[in-house]
Amino acid sequence: MADKPTPMMEQYLALKREAGDALLFYRMGDFFELFFEDAKVAAQVLDIALTTRGEHEGEPVPMCGVPVHSAEGYLARLIKGGCRVAIAEQTETPDEARERTKREGKPVSKALVSRDIVRFVAAGTLTEEALLEPRRANLLVAVAPVRDGVGIAACDISTGRMELEECAPDRLDAALARLGASEIVGPEDWDDASSDVIARPRHDFRSEDGEARLKDIHGIATLDGLGDFTRPMLAAAAGLIAYLDHAGRGKLPFLLPPVARGSGAHLAMDAATRTSLEILAAQNGGREGSLIACIDRCATGAGARQLVEDLSAPLADLGSIEERLASVHHFHADPLLRADLRGVLRQAPDIGRALGRLVAGRGSPRDLGQIRDGLSAARRVREMLSASVDLPPLLNRMIQALGGHAALVDHLARALVPSPPTERSQGGFIAGGYDHALDALRETSGNARKAIAALEAKYRDETATPSLKIKHNKVLGYFIEVPAKHGDKLMAQDSGFTHRQTMAGAVRFNSVGLHEEATRIAQAGAHAIAAEEAHFEELVGEVIAAREAIAATAAALARIDVSAGLAERAVEGDWSRPQILDEPCLEITGGRHPVVEQALARAGERFVTNDCALDPDDRLWLIGGPNMGGKSTFLRQNALIILLAQAGSFVPATSARIGLADRLFSRVGASDNLARGRSTFMVEMVETAAILSQATERSFVILDEVGRGTSTYDGMALAWAVVEAVHEQLKCRCLFATHYHELSRLAETCDALSLHHVRAREWKGDLVLLHELAKGAADRSYGLSVAKLAGIPPPVIKRAKAVLDKLEKSRAETGGLAAGLGDLPLFAVTAEAEEKGDALREAIIALDVDSLSPREALDELYRLKAEAAKSGS
């Protein structure tokens, strides 16, 4: 028969059942302990020792632990390792546990401190400064499929920002790619959910519950004043709030009123495009080498987070883009204002996240100090901008959001010391002179300490023991200690000292005088800490009462920081202000790839600029030339220039006239996705299919080497058909790079297609890549020359040259791969014929031949013949 678990183990197992798949941090004194499988997982992730404690069901119990005072660092590593953690705290003191046990009529020796899970910590529910990246938002996203739409609720609980949107099911992946959530939750019956989605009960995602919770949280009778929220949006909001309620064990974090995001308000990009353009991360997954790393000159973490959002969701509204560009231009034109303002911003704390911690009940005196200092910085920024002439509308609106905090700042400045501590349990954060009663308690405590020093000197004289000392520890409090050889003097009955403890080399005593002074110190100290705690709660209450205004100030500072930072980057890189138009054009003079240019500059090299000019009559460029010649760079740089412009930034070009794009597609390079069983070619085809099905006439598309992952004939046929489809059906602006020279024949039949190539020359047997774009088809591919540059051995190059000569001779004799392609009908014509043929085929397949009489069969044959005749005409 198995041994019955101990009461502590019973308590642990009950809490573990509540924790589910989360690791359970079980508080035991000054440590959080983990047991069983949790201990094994944590020990491996944290690289700490795994031990055992007692037995359970005849087996040793695996165990590991981390100190409470340094738990945040360990939590950060566990969260980064993909774990979720449930924090089980002691909800009573040992003394309270003993008293409770007495009342229950049980032996005090069996008293067990009550514990409860107070919080679930997961990637999307972090608020602690040590666990968050300062320059990246930390989004939690809830997804709610409802009929033909999908609701999305996103919030960053560290700042309280919350957005709701709805999209079509086929646009969900692009929306999630834009958000880059740390954690995604969805209903448990969602069939299309990916493996990383956290399943929650379906009843958590009821739209009526979402509406009711939002009204309750924000104390309003209707949501009409906040925006137009659809049922899918409200269902997603319900799921998000229910998950936060679960994670906080009934205590919700700071949530600002939700903002409705329109589906067409932003330049849409799918996950493949974001990866290809390396917007927030380079191909290796790191920040270095990405667009954000190249352009981020923000002085604050909040500004950097706002810039990430701007690049992730560029605008699709002309007026909003011009507002952002005007604010960047204002700072660009006034270097003194820009420098002074950025100097103030560098010293400004992250008040958005400090506010989030205070509202969530996890704040500290330091957070109050950050609110004080941040709002003071906002006032200085407001004064600077107010003194500047001809402020654009966006900055004028930001000025309004920076004011209104004078009374709160003054109160916090009077109440707090200049540098408040992160811990409040020891006090010391309320400034002297703020509370006279508190000052008196501190004086009493200070005087008592002086009295103890005087008492120590007095006892030394009375006992003739120069080595006598008065000490303090947590167990005994204050005590008198003398070396063992002097202990007998103080042991005498009339000495006035009471024996407390004998050590190996010392003896400890107490006295009436020492007890009185120790009591005065303890009482004054306890009262002082209680007074400071009351002041802390009062100050936090004031901050919470002004939370929405403070959050608006934080958002305004972030937006101003982004504008000033982009202006700084524009000056640094000699970027120009783009002209945004509501027409399908793209005229870029002296365009550059910002990341490549920066890398070349570090190496002391110059970037070769190139122009690009697309319009309705010349909207598709077919670009040839050798590898390493700069085709992919040219494609990407034009896509990035559009992205930067619509995000509200100046662009790396001498000048730019950019027609507003609704969607941006990039099919440039692909790696084998072996984890999903997809080859390079399969990935390429999936991405190309997405472009052909989703792009519109207002989209901008870049395609590189479509068809290269299969046989020459298959690849060229696919590339030919894709070019025709882009030209005839999508009719969007497109740059198409290819090695198939045969595609140049398309210029004869596609009116809006033109041929271009990257220039290269051979000099004394060596290939010189010029990285310049020129009109016309490439005269050759220079493949062997590039191979020679790459270090392919000379005998292999020589053999390849012989094979190439043979192939080219054969092509000349047969008319080459493209022989007869000029006689093919255009894509639109063949597509129409195929549609008619498909209709006839479907009619024949649908016939139930066995049920037809001879007469009916003959009539059906006549009808089908007539249909075929129509199709043929």
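This section describes the nonpolar cores, cysteines, salt bridges and selected surface sites of a predicted model.

The largest nonpolar core comprises 104 residues, and L311, I371 and L735 have the most contacts inside it. Helix α20 (residues 547–573) supplies the largest share of this core, with 11 residues. Beyond its neighbours within four places in sequence, I371 is in contact with I351, A354, L355, L358, L412, V543 and I550. Another core, of 26 residues, lies apart from the largest one and includes A142, I198, A235 and Y243. In soluble globular proteins, nonpolar side chains tend to be buried together. On the surface, by contrast, L858, L861 and Y862 form a nonpolar patch with about 330 Å² of accessible area together. Within this group, L858 is found in helix α28 (residues 854–872) and is partly exposed, at 35% relative accessibility.

The structure holds zero disulfides. For C155, the nearest cysteine sulfur is that of C167, 18 Å away; C155 is buried, with a relative accessible area of 0%. For C732, the nearest cysteine sulfur belongs to C734, at 5.6 Å. Because a disulfide requires sulfur atoms within 2.5 Å, C732 is in no disulfide. C732 is likewise buried, with a relative accessible area of 1%.

A search of the whole structure finds 55 salt bridges. In one of these, the side chains of R414 and D410 meet at 3.5 Å, N to O. These two residues are four apart in helix α16 (residues 406–415) and are therefore separated by about one helical turn. Both partners are partly exposed, R414 at 46% relative accessibility and D410 at 43%. A salt bridge also joins E860 and R863, with an N to O distance of 2.4 Å. Since E860 and R863 are three residues apart in helix α28, about one helical turn separates them. Here E860 is buried, with a relative accessible area of 18%, whereas R863 is partly exposed, at 40%.

The salt bridge between E537 and R424 (3.7 Å, N to O) links distant parts of the chain, with the partners 113 residues apart. E537 lies in helix α19 (residues 512–545), and R424 in the loop between α16 and α17 (436–463). E537 is partly exposed at 43% relative accessibility, as is R424 at 26%.

The C-alpha atoms of A689 and V722 are separated by 9.4 Å, with the two residues 33 apart along the chain.

Notes:
Residues numbered from 1 in each chain as written. Predicted model: local features only at pLDDT ≥ 70, side-chain atom pairs only at ≥ 80, totals over all residues. Heavy atoms only, no water. Buried < 20%, exposed > 50% of the residue type's maximum accessible area, 1.4 Å probe, protein only. Core = buried A, V, L, I, M, F, W, Y, C linked by side-chain atoms within 4.5 Å. Contact = heavy atoms within 4.5 Å. Patch = residues over 30% accessible without salt bridge, like charges linked within 9 Å, V, L, I, M, F, W, Y side chains within 5 Å. Areas by Shrake-Rupley, 256 points an atom, 1.4 Å probe, with all protein chains shown as cover. Salt bridge = Lys/Arg side-chain N within 4 Å of Asp/Glu carboxyl O.
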